[in-house]
Amino acid sequence: MTATADYRTLAERASAELADATAAEALDWTVRTFGDDFIVASNMQDAVLIELATQAKSDVDILFLQTGYHFAETIGTRDAVEAVYPHVRIVNAEAEQSVAEQDARYGPRLHERDPGQCCHLRKVVPLRNTLAKYSAWVTGVRRVDAPTRANTPIVGWDERNGLVKVNPLAAWTDEEFDTYLHEHGILQNPLVEAGYPSIGCAPCTAKVAPGADPRSGRWAGQAKTECGLHG
């Protein structure tokens, strides 16, 4: 069997064995199984997943997609994570072209004309290139985030990127998430309290009306609901 086939089999077995695992159990399994050969993804909306991951491994790698379009508050949260968790290594995954180079090649404001292509260039490709260096990645995806994520397993096989995908928070409700965040004093992007419950790139993220779908502020007015990172 190839290494890919081995890991695919491992993911399938773990999907069943860890179907009801807690976040801590899923992360402990990840560390035991992969050692240094995994990375934790964060969009720097908060540091809940980072906090949990560092309890399992203090010097974990943290993946941040540096799209060139982030809010200043998001970059500030990333920098604060480095200060609060001094042993982590922030891996800034950047697009092959700068924003200026992309504008020159495709025209300005590609995110308005073709947000799918912009996300592909500035998120999907950099993610794929970074994940190619690891055997597993850990995400903060939760089933309650969106209908498209309702069946998210704790552990699964990421067919698109060819590695094991661990989602320790998949089963967490909003109430469980908020309780953990506030009771443990976890870092949170200040934009959340300012009315941005789902934070992406600045040009494609708007405030959300009270009581509205938290993701309604992403690509508002367009059919797009996902950036393509999670299928």
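These are my notebook entries on what I looked up in this predicted model.

**Ground rules.** I number residues from 1 along each chain as its sequence is written, and I work with side-chain values that use heavy atoms, leaving out hydrogens and water. Since the model is predicted, I keep in mind that local features need pLDDT of at least 70 and that side-chain atom pairs count only at pLDDT 80 or more, while totals for chains, interfaces and linings use all residues.

**Overall form.** I began with the secondary structure and noted 9 helices and 6 strands, taking helices (H or I, at least four residues) and strands (E, at least two) as DSSP runs numbered from the N terminus. The C-alpha atoms fill a box of roughly 45 × 45 × 35 Å along the principal axes. I then looked up the radius of gyration, which is taken over C-alpha atoms, with a globule rule of 2.2 Å times the number of residues to the power 0.38. For 231 residues a compact globule would have a value near 17 Å, and the protein, at 17 Å, agrees with that. I also noted that 50% of the 231 residues count as buried, where buried means under 20% relative accessible area, exposed means over 50%, and partly exposed lies in between (1.4 Å probe, protein chains only).

**Strands β2 and β3.** I next followed strand β2 (residues 61-66), which runs parallel to strand β3 (residues 89-94) and is joined to it by 6 bridges; two strands pair if DSSP finds at least two bridges between them. Within this pairing, Ile62 stands opposite Ile90 of β3. Together with helix α4 (residues 72-84), the two strands make a β-α-β unit that is right-handed, a word I use if, with the strands pointing away from the viewer, the path from the first strand over the helix to the second runs clockwise.

**Salt bridges.** I counted as a salt bridge a side-chain nitrogen of Lys or Arg within 4 Å of a carboxyl oxygen of Asp or Glu, and the count by this rule comes to 9. One of them joins Asp59 to Lys57, with the closest N and O atoms 2.8 Å apart; Asp59 is partly exposed at 39% relative accessibility, whereas Lys57 is buried at 13%. Another joins Arg109 to Glu112 at 3.6 Å, and here Arg109 is partly exposed, with a relative accessible area of 47%.

Arg105 lies over the face of Tyr106 in turn, at 4.7 Å.

**Aromatic rings.** Last, I looked up ring pairs, in which rings of Phe, Tyr and Trp (its six-membered ring) have centres within 6.5 Å, with planes under 30 degrees apart counted as stacked, over 60 as edge-to-face and the rest as tilted. The structure holds 5 such pairs. One of them is edge-to-face, formed by Trp172 and Phe177 at 6.4 Å centre to centre with 70° between the planes; Trp172 is buried at 15%, and Phe177 is buried at 11%. Elsewhere, ring pairs link Tyr7, Trp29 and Phe34 into a cluster.

Technical notes: A charge sits over a ring if NZ of Lys or CZ of Arg is within 6 Å of the ring centre and within 35 degrees of the ring normal.
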